[in-house]
There are 2 protein chains.
Amino acid sequence: MSQYWSPLVKSLTPYVPGEQPKITNLIKLNTNENPYGPSPKVLEAIRSVADDNLRLYPDPNADQLKQTIADYHKVNKSEVFVGNGSDEVIAIAFQALLKQAHPILFPDITYSFYPVWSDMYEVTYNTVPVTDSFEIDIQSFNQKNGGIIFPNPNAPTGRLLALENIKALLEMNTESVVVVDEAYIDFGGTSAIELVKDYPNLLVIQTLSKSRSLAGMRVGFAIGHADLIEGMERVKNSFNSYPLDKPAQAAATASFLDEAYFQGCCTKVIASRDQLTQELTQLNFEVLPSAANFVFAKHSTEDAEALAQQLRDRSIIVRYFNKPKIDQYLRISIGTQEECDSLVTALKEILK
Amino acid sequence: MSQYWSPLVKSLTPYVPGEQPKITNLIKLNTNENPYGPSPKVLEAIRSVADDNLRLYPDPNADQLKQTIADYHKVNKSEVFVGNGSDEVIAIAFQALLKQAHPILFPDITYSFYPVWSDMYEVTYNTVPVTDSFEIDIQSFNQKNGGIIFPNPNAPTGRLLALENIKALLEMNTESVVVVDEAYIDFGGTSAIELVKDYPNLLVIQTLSKSRSLAGMRVGFAIGHADLIEGMERVKNSFNSYPLDKPAQAAATASFLDEAYFQGCCTKVIASRDQLTQELTQLNFEVLPSAANFVFAKHSTEDAEALAQQLRDRSIIVRYFNKPKIDQYLRISIGTQEECDSLVTALKEILK
């Protein structure tokens with residue numbers, strides 16, 4: 001605490017991201033990264049911009065990247081917003097669209113950054129309980145609100161809300177913006193992007209950090225009605241004109257142009273997830289149905305925090321949340337098949 | 001305007017950055033980029049991180065980069081903050097340190113993003129007139145305030161405030177934070193970083209976009225008392241945990257390790273600036289004394305906006321500000337010696 005801090009900063013409780021340990025030889029299953037590297041074409045695109053032109057500012061509007069995303073998702077460029085990771089995109093959505101007179105709504109079990117952004121931007125909120133099986137019940141969102149935000153699939157549960165339910169939510173909630181945070185959608189869901197043309201209050205946010213193996217490059221984007229995007233651009237241009245550096249713009253563009261590589265990685269992760277789910281079930285874990293690149297699992301008898309520690313003792317890191325309703329669950333990112341096998345072997349040792 | 005916009009976004013007038021034209025064969029002297037590319041070691045550092053590890057998040061705290069900057073500037077790592085360009089760093093300083101009960105102060109002629117950030121973060125401000133010769137008069141800042149911010153050298157004038165004046169300002173102003181925005185300091189000034197150890201309310205901000213030729217990579221940093229930095233980290237971690245991607249962290253680190261290249265570029269730019277100043281003076285421009293990588297110049301008879309247009313007709317872009325007190329000036333970035341020569345040749349044609 002310092003006399004020079006603003007009253008705002010004194011009140012903040014910052015988000016704590018998953019650990020990024022600097023020691024090697026860990027099996028790192030704690031931050032939902034893709035176990036497979038980016039497309040070789042993406043790496044080549046990064047190398048290709050490492051030249052004297054880095055002395056120049058990047059395109060502040062990232063036009064080429066926006067057009068590439070627009071073409072890929074069959075929308076107009078004016079319906080695309082890009083940012084420095086989807087965290088920045090969501091933060092800007094809070095300021096541009098969710099800071100309203102009424103409280104916003106999000107699930108009680110969800111991405112733990114939402115309440116942090118709410119505090120940061122002085123956005124009031126109410127949480128809406130998920131069901132006992134950790135599903136989002138759209139009827140419970142049928143209340144006056146300044147906006148709605150949730151991940152789909154939800155985090156850290158992995159549970160998917162079907163597109164018809166999102167459509168029903170949009171039919172029910174026309175007076176405020178609905179933000180669907182699709183960080184994990186490519187691992188088993190159908191994107192709500194196809195609904196954007198019909199619902200002017202829908203904003204869909206995606207990231208290249210998970211399914212496109214580019215956590216290290218920090219690129220996220222939003223797709224919504226051009227008016228919503230314009231509001232976000234106004235905030236972005238009142239904050240930081242050039243959030244995406246040249247390698248990030250080049251890498252992201254190249255990623256959307258290598259569909260085969262992208263699909264191949266997703267297919268492998270999904271296969272490993274399904275196999276890991278079976279194996280964990282055989283080890284007496286209850287595993288929630290996941291449409292993401294992680295599983296959320298609870299053992300029938302063993303304490304989750306103790307299990308996380310015993311895995312760590314064997315150089316395997318998973319995510320444990322010491323929070324109500326989920327403090328007996330582990331969130332386990334899907335690694336390579338070998339990493340998943342090592343995890344299962346370690347759990348068999350621990351549980352024997 | 002959309003019914004879904006927040007009241008905040010409806011009120012914003014975003015910053016308009018200098019043009020980044022997409023056509024080639026322009027002589028681009030409008031956004032103060034370095035005419036020389038980054039160090040070859042920087043380019044190699046970027047290429048070296050273009051590998052499978054980009055699937056992993058970058059270090060959210062950028063520890064290696066912070067330590068490198070700390071070593072370079074002889075401060076502690078806890079006194080260093082890094083961000084996605086100095087614009088992001090300044091935006092965070094507004095939220096963490098400058099959002100106070102009293103209005104902040106900045107010069108009336110200065111970086112035009114300051115009033116934009118003030119509006120964005122609902123920070124009240126008063127502007128303090130510069131002198132008739134465009135100098136900052138520290139006595140005019142001797143008034144109750146919530147903070148003070150100014151560039152040194154100032155933009156778009158290039159005028160330098162001597163270190164002893166900054167020291168006097170700090171002696172006079174102990175109750176609020178003084179932010180010195182040193183985007184251009186390496187082209188002819190002495191950094192206030194050496195004062196940080198004595199003044200707990202001093203925050204110095206620098207960028208790698210200008211003197212280190214890395215506008216395309218988006219890296220800026222702040223140095224100040226550890227308590228100030230902690231306040232900024234709290235804001236950053238309530239907004240975006242991973243603002244610097246892996247290539248940006250690698251490039252910035254490498255830049256600080258190639259001192260000879262850095263000094264060589266600065267020396268060349270300074271020599272070109274001094275020569276251009278002489279040549280413009282011979283063409284009947286009044287050129288303000290500049291400690292930056294640009295000059296601010298007014299012709300004795302010709303209208304500035306018309307001159308800017310005539311230069312543009314010859315594929316040379318300079319910056320013109322249609323604003324009170326400076327609407328007869330051109331801000332001309334220092335290009336390569338060849339680009340400066342082309343500018344002088346074009347001006348001779350126009351003025352003959």
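This is a predicted model: local features need pLDDT of at least 70, side-chain atom pairs count only at pLDDT 80 or more; totals for chains, interfaces and linings use all residues.
The contact between the two chains takes 85 residues from chain B and 85 residues from chain A. Put together, chain B and chain A bury about 7,100 Å² between them, and carbon and sulfur atoms give 55% of that area. On the chain B side, Tyr4(B), Arg55(B) and Tyr57(B) supply 12% of the area buried against chain A, more than any other three residues. As for secondary structure, α1, α2, α4 (85–98), α5 (114–120), α7 (226–236) and α8 of chain B are the elements that give two or more residues to the side touching chain A.

Lys22(B) sits in the loop between α1 (7–10) and β1 (27–29) of chain B, and it touches Asp59(A) and Asp63(A). With a relative accessible area of 56%, Lys22(B) is exposed, because the cut-off for that class is over 50%.

Helix α2 of chain B, residues 40–48, also belongs to this story. Within α2(B), Val42(B), Leu43(B), Ala45(B) and Ile46(B) are buried. Looking down the helix axis, these buried residues fall within an arc of 155 degrees, so they line one face of α2(B). Pro40(B) and Lys41(B), on the other side of α2(B), are exposed. The cover over the buried residues includes α2 (40–48) of chain A, along with α8 (246–256) of chain B. At the start of the helix, a side-chain oxygen of Ser39(B) comes to within 3.0 Å of the backbone nitrogen of Lys41(B).

Turning to chain A on its own, the domain assignment gives domain 1 (14–37 + 260–351) and domain 2 (40–257). The centres of these two domains of chain A, taken over C-alpha atoms, are 25 Å apart. Their contact takes 29 residues from domain 1 of chain A and 28 residues from domain 2 of chain A. Between them, the two domains of chain A bury about 2,300 Å², with 65% of it on carbon and sulfur atoms. In domain 1 of chain A, Tyr15(A), Phe262(A) and Ala291(A) lose the most area to domain 2 of chain A, together 29% of what that side buries. Nine residue pairs are in polar contact across this interface of chain A, both residues at pLDDT 80 or more. Among the elements of domain 1 of chain A, α9 (259–282) and β10 (294–299) each supply at least two residues to the side that touches domain 2 of chain A. Of that side, α9(A) gives the most, with six residues. One salt bridge is counted between the two domains of chain A.

Side chains of opposite charge can pair when their charged atoms come close. Over all chains, the structure holds 18 salt bridges. One of them joins Glu349(A) to Arg314(A), with the closest N and O atoms 3.2 Å apart. This pair links distant parts of the chain, 35 residues apart: Glu349(A) is in helix α11 (residues 337–351) of chain A, and Arg314(A) is in the loop between α10 (304–313) and β11 (316–320) of chain A. Glu349(A) is partly exposed at 40% relative accessible area, and Arg314(A) is partly exposed at 36%. Also in chain A, the side chains of Asp108(A) and Lys325(A) meet in a salt bridge at 2.6 Å, N to O.

Chain B has charged pairs too. Arg159(B) forms a salt bridge with Glu135(B), the closest N and O atoms being 3.6 Å apart. Arg159(B) lies in the loop between β5 (148–151) and α6 (163–172) of chain B and Glu135(B) in the loop between β4 (125–128) and β5 of chain B, so this pair ties together parts 24 residues apart in sequence. Arg159(B) counts as buried at 17% relative accessibility, whereas Glu135(B) is partly exposed at 33%. Lys197(B) pairs with Asp198(B) in a salt bridge, at 3.9 Å between the closest N and O atoms.

Methods: Residues are numbered from 1 along each chain as its sequence is written. Chains are lettered from A and ligands numbered from 1 in the order in which they are written. Side-chain values use heavy atoms; hydrogens and water are left out. Buried means under 20% relative accessible area, exposed over 50%, partly exposed in between (1.4 Å probe, protein chains only). Helices (H or I, at least four residues) and strands (E, at least two) are DSSP runs, numbered from the N terminus. The arc is that of the directions from the helix axis to the C-beta atoms. Contact means heavy atoms within 4.5 Å. A polar contact is a pair of N or O atoms within 3.5 Å; within protein, one must be able to donate a hydrogen and the other to accept it, and residues adjacent in sequence count only if both atoms are side-chain atoms. Domain bounds come from an automatic or database domain assignment. Buried area is the accessible area (1.4 Å probe) that two parts lose on being put together, summed over both. A salt bridge is a side-chain nitrogen of Lys or Arg within 4 Å of a carboxyl oxygen of Asp or Glu. Lists of a residue's contacts leave out its neighbours within four places in sequence.
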